[in-house]
Amino acid sequence: MTTRLYMFAAICALLSVLSSYAYAQKIKLAAEDSWPPYATAEGQGYSWMLIKEAYAHTGGEPSFEVVPYTRALIITQKGGVDACFNVTRQQSTEDTYYFGEEPLLVAHASFFTMAGRDYGFKSLQDIPDGFKLGVMIGYEYGDIFEKNKNRFAIEAVPSQEQLINMLTLGRIDGMIMFNKVAEYNFNKMGFPSVLFEPVFENHQSEIYVAFNKISKKSPRLAAMLDEGLRYLRETGRYDEIMLTPIE
């Protein structure tokens with residue numbers, strides 16, 4: 001009898017272990033490499049930290065493939081990965097990707113020029129046709145930008161540093177950049193922020209994880225992330241993460 005009980009307990013323990021492995025949901029994400037402090041060259045940063053901890057709470061095991069942002073969008077759309085992140089939810093992305101309910105973060109983006117130019121612009125609609133405007137390749141800048149972008153002489157580049165250098169050298173007359181990203185890169189490149197003027201706020205973006213529409217598990221993966229992000233916010237851990245210094 002004792003032997004049978006021992007065997008029964010051992011089997012139950014084994015089944016418990018196997019069950020825990022079965023429950024762990026693997027998620028493969030494409031991580032962009034040029035949006036610090038949200039995404040560093042290594043694909044890490046605030047967004048990476050939030051995703052890892054959110055899924056840890058709900059039994060997910062995320063892995064990350066670091067690629068340029070445009071590549072992240074393409075391989076997600078084609079089903080090469082489950083999701084990518086730091087995607088603005090707007091009409092063009094809603095048509096292409098599956099989104100959960102909870103944003104990763106809210107980011108503010110401004111139209112920047114060199115200080116002292118005094119163009120007098122109050123919004124994108126005020127910018128004249130042919131204006132040399134710098135943006136990042138593949139980034140979303142809001143629906144108003146989408147409606148106006150064909151009026152501008154757009155220079156799209158793959159890195160934030162290149163965008164800033166083009167502005168300082170006069171190759172572009174202005175650029176759109178997210179405020180915290182601009183501040184991070186100004187400091188990293190050794191430029192005092194007073195050299196640049198945030199003329200007006202271009203848009204405020206809720207930044208999401210975008211899941212591919214091919215996989216049937218995308219709704220479940222999105223729901224798991226939503227639950228984890230809500231937990232981080234409710235416990236105060238979200239704010240702790242966002243105050244972590246990013247090198």
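Modeller: This is a predicted model. Glutamate 32 is a place to start: it is buried and has no salt bridge.

Biologist: Which side chains make polar contacts with glutamate 32?

Modeller: Asparagine 86 does, at 3.1 Å, and so does tyrosine 139, at 2.8 Å. The cut-off is 3.5 Å, so both pairs count as polar contacts. Glutamate 32 itself lies in the loop between β1 (25-31) and α2 (46-58). Its contacts beyond four places in sequence include Val67, Tyr69 and Phe85.

Biologist: Why is the pair glutamate 61 and lysine 26 called a salt bridge?

Modeller: The N to O distance between their side chains is 2.9 Å; the limit is 4 Å, so the pair qualifies. The two residues belong to distant parts of the chain, with glutamate 61 in strand β2 (residues 60-66) and lysine 26 in strand β1, 35 residues apart.

Biologist: Why is lysine 26 called exposed, and why is glutamate 61 called partly exposed?

Modeller: Exposed means over 50% relative accessible area, and buried means under 20%. Lysine 26 has 57%, so it counts as exposed. Glutamate 61 has 36%, which lies in between, so it counts as partly exposed.

Biologist: What separates arginine 237 and glutamate 240 along helix α9?

Modeller: About one helical turn, because they are three residues apart in helix α9 (residues 237-242). Arginine 237, at 28%, and glutamate 240, at 47%, both count as partly exposed.

Biologist: How do you know that β6 pairs with β7 and with β8?

Modeller: Pairing takes at least two bridges. Strand β6 has five bridges to strand β7 (residues 153-157), in the parallel sense, and two to strand β8 (residues 174-178), also parallel, so both pairs qualify. Methionine 136 stands opposite valine 157 in β7, while glycine 134 has methionine 175 of β8 as its bridge partner.

Biologist: What makes strand β6 mostly covered?

Modeller: Four of the five residues in β6 (residues 132-136) are buried.

Definitions and conventions. Residues are numbered from 1 along each chain as its sequence is written. This is a predicted model: local features need pLDDT of at least 70, side-chain atom pairs count only at pLDDT 80 or more; totals for chains, interfaces and linings use all residues. Side-chain values use heavy atoms; hydrogens and water are left out. Buried means under 20% relative accessible area, exposed over 50%, partly exposed in between (1.4 Å probe, protein chains only). Lys and Arg count as positive and Asp and Glu as negative; His and the chain ends are not counted. A polar contact is a pair of N or O atoms within 3.5 Å; within protein, one must be able to donate a hydrogen and the other to accept it, and residues adjacent in sequence count only if both atoms are side-chain atoms. Contact means heavy atoms within 4.5 Å.
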